[in-house]
Amino acid sequence: MKLFDVYPLFDVNIVEGKGCKVWDDKGQEYLDLYGGHAVISIGHSHPHYIKKVTEQLNHIAFYSNSVINKLQVELAARLGRICGYDDYQLFLINSGAEANENALKLASFKNPGNTRILACEHAFHGRTSLAVEVTHNRKIVAPLNDNHHVRFLPLNDLEPWVRELSRGGVAAVILEPIQGVGGIQMATPEFAQNLAYACKRFGAVLICDEIQCGYGRSGKFFAHQWLGIKPDIITVAKGIANGFPMGGVLISPEFKPVYGQLGTTFGGNHLACAAALAVLDVFEEEGLVENANTVGNYLMEQLKKLQGEKHITDVRGRGLMVGIDLEMPHKEVRQKLIYEQHCFTGCAGTNTLRLLPPLCLTKAEIDDFIERFTKVLDEI
(Lines give C-alpha, C1' and ligand atoms only; values in the text may rest on other atoms or scores of the structure.)
Protein backbone atom coordinates (compact mmCIF):
# COMPACT_ATOMS: atom_id res chain seq x y z
CA MET A 1 0.00 0.00 0.00
CA LYS A 2 1.18 3.53 -0.80
CA LEU A 3 0.23 6.78 0.88
CA PHE A 4 -2.62 8.75 -0.68
CA ASP A 5 -0.59 11.49 -2.35
CA VAL A 6 -2.30 14.75 -1.34
CA TYR A 7 0.64 16.61 0.24
CA PRO A 8 3.39 18.35 -1.76
CA LEU A 9 6.46 17.59 0.36
CA PHE A 10 9.81 19.24 0.92
CA ASP A 11 12.62 16.72 0.60
CA VAL A 12 13.43 16.84 4.32
CA ASN A 13 12.91 14.08 6.91
CA ILE A 14 12.63 15.66 10.36
CA VAL A 15 13.49 13.17 13.13
CA GLU A 16 14.26 15.28 16.21
CA GLY A 17 13.31 18.59 17.79
CA LYS A 18 14.16 20.75 20.78
CA GLY A 19 12.81 24.20 21.54
CA CYS A 20 12.67 26.15 18.27
CA LYS A 21 15.11 23.84 16.45
CA VAL A 22 14.57 20.60 14.52
CA TRP A 23 17.02 18.15 12.92
CA ASP A 24 16.72 15.94 9.85
CA ASP A 25 17.93 12.37 9.43
CA LYS A 26 21.28 13.65 8.15
CA GLY A 27 21.92 15.67 11.29
CA GLN A 28 21.21 19.06 9.70
CA GLU A 29 19.79 21.62 12.15
CA TYR A 30 16.87 23.87 11.13
CA LEU A 31 15.40 26.95 12.78
CA ASP A 32 11.66 26.33 13.08
CA LEU A 33 9.59 29.46 12.43
CA TYR A 34 6.58 27.36 11.45
CA GLY A 35 5.95 25.28 14.58
CA GLY A 36 4.42 22.41 12.64
CA HIS A 37 1.66 24.74 11.42
CA ALA A 38 1.23 26.64 14.73
CA VAL A 39 0.89 23.41 16.70
CA ILE A 40 4.12 23.53 18.73
CA SER A 41 3.28 26.05 21.44
CA ILE A 42 5.82 25.32 24.20
CA GLY A 43 8.69 24.14 21.98
CA HIS A 44 9.71 20.74 20.67
CA SER A 45 10.45 18.04 23.24
CA HIS A 46 9.96 20.23 26.29
CA PRO A 47 11.25 18.20 29.28
CA HIS A 48 8.19 18.90 31.46
CA TYR A 49 5.88 17.85 28.63
CA ILE A 50 7.81 14.62 28.09
CA LYS A 51 7.77 13.91 31.83
CA LYS A 52 4.02 14.41 32.27
CA VAL A 53 3.05 12.47 29.14
CA THR A 54 5.40 9.62 30.09
CA GLU A 55 3.98 9.51 33.62
CA GLN A 56 0.47 9.27 32.20
CA LEU A 57 1.48 6.48 29.81
CA ASN A 58 2.72 4.52 32.80
CA HIS A 59 -0.79 4.69 34.29
CA ILE A 60 -3.38 4.64 31.51
CA ALA A 61 -3.43 6.26 28.07
CA PHE A 62 -7.08 5.85 27.20
CA TYR A 63 -10.49 4.94 28.45
CA SER A 64 -13.81 6.03 27.02
CA ASN A 65 -16.01 8.93 28.05
CA SER A 66 -18.36 6.50 29.78
CA VAL A 67 -16.40 6.87 33.03
CA ILE A 68 -15.13 9.72 35.19
CA ASN A 69 -11.92 11.30 33.95
CA LYS A 70 -10.65 13.74 36.58
CA LEU A 71 -7.99 15.01 34.20
CA GLN A 72 -10.77 16.49 32.06
CA VAL A 73 -12.22 18.23 35.10
CA GLU A 74 -8.80 19.60 36.07
CA LEU A 75 -8.12 20.79 32.52
CA ALA A 76 -11.47 22.59 32.28
CA ALA A 77 -10.91 24.36 35.61
CA ARG A 78 -7.34 25.42 34.82
CA LEU A 79 -8.08 26.49 31.27
CA GLY A 80 -11.07 28.54 32.41
CA ARG A 81 -8.97 30.35 34.99
CA ILE A 82 -5.99 31.00 32.72
CA CYS A 83 -7.96 32.17 29.67
CA GLY A 84 -10.53 34.22 31.60
CA TYR A 85 -13.61 32.10 30.84
CA ASP A 86 -14.30 30.46 34.22
CA ASP A 87 -18.04 30.44 33.63
CA TYR A 88 -17.88 28.67 30.24
CA GLN A 89 -18.15 24.91 29.61
CA LEU A 90 -15.57 22.74 27.83
CA PHE A 91 -16.17 19.96 25.31
CA LEU A 92 -13.03 18.08 24.26
CA ILE A 93 -12.43 16.49 20.87
CA ASN A 94 -9.49 15.62 18.62
CA SER A 95 -8.92 18.43 16.11
CA GLY A 96 -9.75 21.93 14.99
CA ALA A 97 -12.14 20.78 12.30
CA GLU A 98 -14.07 18.76 14.90
CA ALA A 99 -14.15 21.79 17.19
CA ASN A 100 -15.77 23.89 14.46
CA GLU A 101 -18.13 21.05 13.50
CA ASN A 102 -19.41 20.85 17.07
CA ALA A 103 -19.59 24.62 17.49
CA LEU A 104 -21.75 24.93 14.38
CA LYS A 105 -23.93 22.02 15.52
CA LEU A 106 -24.49 23.71 18.89
CA ALA A 107 -25.46 26.93 17.13
CA SER A 108 -27.93 25.00 15.00
CA PHE A 109 -29.40 23.22 18.02
CA LYS A 110 -29.84 26.62 19.71
CA ASN A 111 -31.47 28.15 16.62
CA PRO A 112 -33.32 25.13 15.14
CA GLY A 113 -35.35 27.16 12.67
CA ASN A 114 -32.29 28.88 11.21
CA THR A 115 -30.06 27.20 8.65
CA ARG A 116 -27.90 30.06 7.38
CA ILE A 117 -24.29 30.73 8.41
CA LEU A 118 -22.19 33.83 7.77
CA ALA A 119 -18.44 33.47 7.34
CA CYS A 120 -15.55 35.59 6.10
CA GLU A 121 -14.14 35.70 2.63
CA HIS A 122 -10.80 33.81 2.60
CA ALA A 123 -11.79 31.96 5.80
CA PHE A 124 -10.41 28.52 6.65
CA HIS A 125 -12.23 26.49 9.30
CA GLY A 126 -11.38 22.88 8.45
CA ARG A 127 -11.98 20.06 5.96
CA THR A 128 -14.86 18.07 7.45
CA SER A 129 -18.52 18.41 6.51
CA LEU A 130 -19.71 21.65 8.13
CA ALA A 131 -16.21 23.03 8.67
CA VAL A 132 -15.33 22.82 4.99
CA GLU A 133 -18.67 24.35 4.01
CA VAL A 134 -17.72 27.52 5.93
CA THR A 135 -14.22 27.45 4.40
CA HIS A 136 -13.86 29.85 1.47
CA ASN A 137 -12.01 27.52 -0.90
CA ARG A 138 -14.08 25.91 -3.64
CA LYS A 139 -11.28 23.47 -4.49
CA ILE A 140 -11.70 21.50 -1.25
CA VAL A 141 -15.51 21.62 -0.98
CA ALA A 142 -16.89 18.33 -2.31
CA PRO A 143 -20.32 18.43 -3.99
CA LEU A 144 -21.80 16.58 -1.01
CA ASN A 145 -20.63 19.42 1.30
CA ASP A 146 -21.99 22.21 -0.89
CA ASN A 147 -25.35 22.65 0.83
CA HIS A 148 -25.73 26.42 0.28
CA HIS A 149 -25.96 27.25 3.98
CA VAL A 150 -23.14 29.80 3.91
CA ARG A 151 -22.72 33.39 2.75
CA PHE A 152 -19.13 34.67 2.61
CA LEU A 153 -18.70 38.35 3.43
CA PRO A 154 -15.71 40.74 3.52
CA LEU A 155 -13.71 41.11 6.72
CA ASN A 156 -13.97 44.53 8.40
CA ASP A 157 -16.88 45.70 6.20
CA LEU A 158 -19.79 45.68 8.63
CA GLU A 159 -22.69 46.76 6.42
CA PRO A 160 -23.18 43.49 4.47
CA TRP A 161 -23.04 41.47 7.70
CA VAL A 162 -25.80 43.55 9.30
CA ARG A 163 -27.84 43.36 6.11
CA GLU A 164 -27.61 39.55 6.04
CA LEU A 165 -28.35 39.23 9.75
CA SER A 166 -31.40 41.48 9.41
CA ARG A 167 -32.83 39.16 6.72
CA GLY A 168 -33.21 36.49 9.42
CA GLY A 169 -32.52 32.78 9.42
CA VAL A 170 -28.87 33.06 10.53
CA ALA A 171 -27.92 30.40 13.07
CA ALA A 172 -24.27 31.41 13.44
CA VAL A 173 -21.53 33.83 12.49
CA ILE A 174 -18.04 32.31 12.49
CA LEU A 175 -14.97 34.54 12.61
CA GLU A 176 -11.21 34.08 12.80
CA PRO A 177 -9.99 37.12 14.78
CA ILE A 178 -6.77 36.74 12.79
CA GLN A 179 -7.09 34.80 9.55
CA GLY A 180 -4.32 32.24 9.14
CA VAL A 181 -4.68 30.58 5.74
CA GLY A 182 -6.25 33.87 4.59
CA GLY A 183 -2.88 35.59 4.98
CA ILE A 184 -2.74 37.03 8.54
CA GLN A 185 -5.63 39.42 7.97
CA MET A 186 -6.84 40.91 11.26
CA ALA A 187 -10.33 41.89 12.34
CA THR A 188 -10.50 45.43 13.71
CA PRO A 189 -11.96 46.13 17.16
CA GLU A 190 -14.63 48.40 15.66
CA PHE A 191 -15.78 45.74 13.20
CA ALA A 192 -15.71 42.92 15.77
CA GLN A 193 -17.59 44.86 18.44
CA ASN A 194 -20.31 46.00 16.05
CA LEU A 195 -20.60 42.48 14.61
CA ALA A 196 -20.94 41.01 18.12
CA TYR A 197 -23.68 43.55 18.89
CA ALA A 198 -25.49 42.69 15.65
CA CYS A 199 -25.33 38.97 16.48
CA LYS A 200 -26.97 39.62 19.86
CA ARG A 201 -29.58 41.87 18.26
CA PHE A 202 -30.61 39.32 15.63
CA GLY A 203 -30.13 36.17 17.71
CA ALA A 204 -27.19 34.62 15.86
CA VAL A 205 -24.51 32.65 17.74
CA LEU A 206 -21.06 34.26 17.46
CA ILE A 207 -18.27 31.67 17.11
CA CYS A 208 -14.64 32.75 17.32
CA ASP A 209 -12.32 30.26 15.62
CA GLU A 210 -9.15 30.51 17.71
CA ILE A 211 -7.65 27.30 16.38
CA GLN A 212 -4.61 28.98 14.84
CA CYS A 213 -4.61 32.46 16.38
CA GLY A 214 -5.51 31.38 19.93
CA TYR A 215 -3.76 29.68 22.80
CA GLY A 216 -1.33 32.53 23.44
CA ARG A 217 -0.10 32.97 19.88
CA SER A 218 -1.31 36.57 19.54
CA GLY A 219 0.23 37.71 22.83
CA LYS A 220 -3.06 37.37 24.70
CA PHE A 221 -4.57 33.98 25.45
CA PHE A 222 -7.17 34.54 22.74
CA ALA A 223 -6.79 36.86 19.77
CA HIS A 224 -10.37 38.12 20.18
CA GLN A 225 -9.31 39.55 23.56
CA TRP A 226 -7.49 42.28 21.60
CA LEU A 227 -10.87 43.17 20.06
CA GLY A 228 -12.99 43.71 23.17
CA ILE A 229 -15.61 41.03 22.42
CA LYS A 230 -16.90 37.94 24.21
CA PRO A 231 -18.10 35.28 21.73
CA ASP A 232 -20.75 32.71 22.54
CA ILE A 233 -18.48 29.84 21.48
CA ILE A 234 -14.68 29.63 21.13
CA THR A 235 -12.93 26.83 19.27
CA VAL A 236 -9.34 25.76 20.00
CA ALA A 237 -6.89 23.09 18.84
CA LYS A 238 -3.32 23.25 17.43
CA GLY A 239 -1.33 24.62 20.41
CA ILE A 240 -3.56 23.09 23.09
CA ALA A 241 -1.44 19.92 23.50
CA ASN A 242 1.83 20.77 21.71
CA GLY A 243 1.45 18.16 19.01
CA PHE A 244 -0.83 15.60 20.61
CA PRO A 245 -4.10 15.54 18.60
CA MET A 246 -6.65 17.51 20.60
CA GLY A 247 -9.29 20.19 20.22
CA GLY A 248 -11.82 21.93 22.39
CA VAL A 249 -15.01 23.97 22.34
CA LEU A 250 -15.53 26.64 25.01
CA ILE A 251 -19.27 27.13 25.38
CA SER A 252 -21.23 29.98 26.98
CA PRO A 253 -23.36 29.12 30.03
CA GLU A 254 -26.38 30.11 27.92
CA PHE A 255 -26.06 26.67 26.28
CA LYS A 256 -27.54 23.86 28.36
CA PRO A 257 -26.03 20.41 27.69
CA VAL A 258 -28.25 17.48 26.76
CA TYR A 259 -27.13 13.86 27.06
CA GLY A 260 -26.16 12.52 23.66
CA GLN A 261 -26.21 15.92 21.95
CA LEU A 262 -22.46 15.76 21.25
CA GLY A 263 -20.07 12.85 21.51
CA THR A 264 -16.60 11.53 20.73
CA THR A 265 -14.64 8.31 21.17
CA PHE A 266 -11.11 9.61 21.57
CA GLY A 267 -11.72 13.23 22.59
CA GLY A 268 -10.43 14.25 26.01
CA ASN A 269 -8.68 10.94 26.64
CA HIS A 270 -6.28 10.62 29.56
CA LEU A 271 -3.11 11.05 27.52
CA ALA A 272 -4.45 14.07 25.63
CA CYS A 273 -5.45 15.75 28.89
CA ALA A 274 -2.04 15.08 30.43
CA ALA A 275 -0.41 16.72 27.40
CA ALA A 276 -2.76 19.72 27.58
CA LEU A 277 -2.19 20.17 31.31
CA ALA A 278 1.58 20.07 30.74
CA VAL A 279 1.19 22.88 28.19
CA LEU A 280 -0.66 25.04 30.73
CA ASP A 281 2.04 24.30 33.32
CA VAL A 282 4.72 25.61 30.97
CA PHE A 283 2.61 28.60 29.92
CA GLU A 284 2.40 29.69 33.55
CA GLU A 285 5.92 28.76 34.66
CA GLU A 286 7.69 30.31 31.65
CA GLY A 287 5.31 33.18 30.84
CA LEU A 288 4.94 32.09 27.22
CA VAL A 289 1.87 34.22 26.41
CA GLU A 290 3.72 37.30 27.60
CA ASN A 291 6.82 36.14 25.71
CA ALA A 292 4.79 35.83 22.51
CA ASN A 293 3.76 39.46 22.89
CA THR A 294 7.24 40.78 23.72
CA VAL A 295 9.28 38.88 21.16
CA GLY A 296 6.47 39.19 18.60
CA ASN A 297 6.74 42.97 18.80
CA TYR A 298 10.50 42.66 18.37
CA LEU A 299 10.04 40.38 15.34
CA MET A 300 7.65 42.88 13.73
CA GLU A 301 10.10 45.73 14.35
CA GLN A 302 12.97 43.85 12.71
CA LEU A 303 10.87 42.83 9.71
CA LYS A 304 9.55 46.36 9.18
CA LYS A 305 13.15 47.57 8.89
CA LEU A 306 13.42 45.41 5.76
CA GLN A 307 10.11 46.55 4.30
CA GLY A 308 10.32 48.54 1.08
CA GLU A 309 13.89 47.65 0.22
CA LYS A 310 14.11 43.85 0.50
CA HIS A 311 11.20 42.72 -1.71
CA ILE A 312 8.82 43.08 1.27
CA THR A 313 5.65 45.06 0.60
CA ASP A 314 3.84 44.60 3.93
CA VAL A 315 4.26 43.07 7.40
CA ARG A 316 1.20 42.22 9.52
CA GLY A 317 0.39 40.33 12.65
CA ARG A 318 0.19 40.09 16.41
CA GLY A 319 2.45 38.23 18.77
CA LEU A 320 3.99 35.24 17.04
CA MET A 321 1.52 35.12 14.16
CA VAL A 322 3.09 37.21 11.41
CA GLY A 323 2.48 37.60 7.68
CA ILE A 324 5.11 38.95 5.28
CA ASP A 325 3.88 40.03 1.83
CA LEU A 326 6.50 39.68 -0.90
CA GLU A 327 6.62 41.39 -4.29
CA MET A 328 7.21 37.97 -5.86
CA PRO A 329 5.74 34.49 -5.29
CA HIS A 330 6.91 32.93 -2.02
CA LYS A 331 7.88 29.58 -3.54
CA GLU A 332 11.53 30.36 -4.35
CA VAL A 333 12.00 32.27 -1.09
CA ARG A 334 10.72 29.34 0.99
CA GLN A 335 12.83 26.84 -0.91
CA LYS A 336 15.97 28.90 -0.36
CA LEU A 337 15.11 29.33 3.31
CA ILE A 338 14.73 25.58 3.76
CA TYR A 339 17.45 24.14 1.53
CA GLU A 340 20.11 26.86 1.80
CA GLN A 341 19.44 28.67 5.10
CA HIS A 342 17.81 25.72 6.90
CA CYS A 343 14.81 27.59 8.21
CA PHE A 344 11.15 26.56 8.14
CA THR A 345 8.38 29.08 7.44
CA GLY A 346 4.77 28.76 6.35
CA CYS A 347 2.91 30.49 3.56
CA ALA A 348 -0.49 31.80 2.51
CA GLY A 349 -1.80 32.50 -0.97
CA THR A 350 0.87 33.15 -3.58
CA ASN A 351 2.97 35.92 -2.09
CA THR A 352 2.72 35.72 1.71
CA LEU A 353 5.14 34.06 4.12
CA ARG A 354 3.51 33.01 7.38
CA LEU A 355 5.52 32.81 10.62
CA LEU A 356 4.04 30.62 13.39
CA PRO A 357 6.99 29.70 15.64
CA PRO A 358 6.85 28.07 19.07
CA LEU A 359 5.94 30.60 21.75
CA CYS A 360 9.32 30.11 23.44
CA LEU A 361 11.10 31.88 20.56
CA THR A 362 13.87 34.23 21.74
CA LYS A 363 15.15 37.56 20.43
CA ALA A 364 18.46 35.86 19.61
CA GLU A 365 16.60 33.35 17.43
CA ILE A 366 14.75 36.21 15.76
CA ASP A 367 18.10 37.89 14.96
CA ASP A 368 19.28 34.57 13.53
CA PHE A 369 16.19 34.33 11.33
CA ILE A 370 16.48 37.93 10.12
CA GLU A 371 20.10 37.26 9.08
CA ARG A 372 19.12 34.12 7.16
CA PHE A 373 16.06 35.77 5.61
CA THR A 374 18.08 38.81 4.51
CA LYS A 375 20.61 36.58 2.77
CA VAL A 376 17.83 34.93 0.77
CA LEU A 377 16.20 38.24 -0.17
CA ASP A 378 19.58 39.65 -1.28
CA GLU A 379 20.01 36.70 -3.66
CA ILE A 380 16.57 36.90 -5.29
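A crossing of two helices is called right-handed if the near helix is turned clockwise from the far one by less than a right angle, and left-handed if anticlockwise. The model discussed here is predicted.

Q: Which hand does the crossing of H2 and H8 have?
A: H2 passes H8 in a right-handed crossing; by the definition, the near helix is thus turned clockwise from the far one.

Q: Why are H2 and H8 called roughly antiparallel?
A: Helix H2 (residues 47-57) and helix H8 (residues 270-286) pack at about 155°, and their axes lie 9 Å apart. Angles over 145 degrees count as roughly antiparallel, and H2 and H8 are therefore given that description.

Q: Which residues make the contact of H2 with H8?
A: From H2 come His48, Tyr49, Lys52, Val53, Gln56 and Leu57. H8 contributes His270, Leu271, Ala274, Ala275, Ala278, Val279, Asp281 and Val282. Sorted by class, the residues of this contact comprise nine nonpolar, three polar and two charged.

Q: Where do H10 and H11 meet, and how many residues of the contact are charged?
A: Val333, Lys336 and Leu337 of H10 meet Arg372, Phe373, Val376 and Glu379 of H11. The contact of H10 with H11 holds four nonpolar and three charged residues, with no polar ones.

Q: Does Tyr215 count as buried or exposed, and why?
A: Buried means under 20% relative accessible area. The relative accessibility of Tyr215 is 2%, so Tyr215 counts as buried. Tyr215 lies in the loop between strand E10 (205-209) and strand E11 (233-236). Although Tyr215 is not a glycine, its phi is positive, at about 55°.

Q: How is Asn242 classed, buried or exposed, and why?
A: Asn242 has 5% relative accessibility and therefore counts as buried, the limit being under 20%. Asn242 is placed in the loop between E11 and strand E12 (247-251). Its phi is near 55°, a positive value in a residue other than glycine.

Key:
Residues are numbered from 1 along each chain as its sequence is written. This is a predicted model: local features need pLDDT of at least 70, side-chain atom pairs count only at pLDDT 80 or more; totals for chains, interfaces and linings use all residues. Side-chain values use heavy atoms; hydrogens and water are left out. Axes are lines fitted to C-alpha atoms, for helices over the stretch in contact, and angles run from 0 to 180 degrees between N-to-C directions. Helices (H or I, at least four residues) and strands (E, at least two) are DSSP runs, numbered from the N terminus. Angles under 35 degrees count as roughly parallel, over 145 as roughly antiparallel, 65 to 115 as roughly perpendicular and the rest as oblique. Contact means heavy atoms within 4.5 Å. Ala, Val, Leu, Ile, Met, Phe, Trp, Tyr, Cys and Pro count as nonpolar, Asp, Glu, Lys and Arg as charged, and the others, Gly among them, as polar. Buried means under 20% relative accessible area, exposed over 50%, partly exposed in between (1.4 Å probe, protein chains only).
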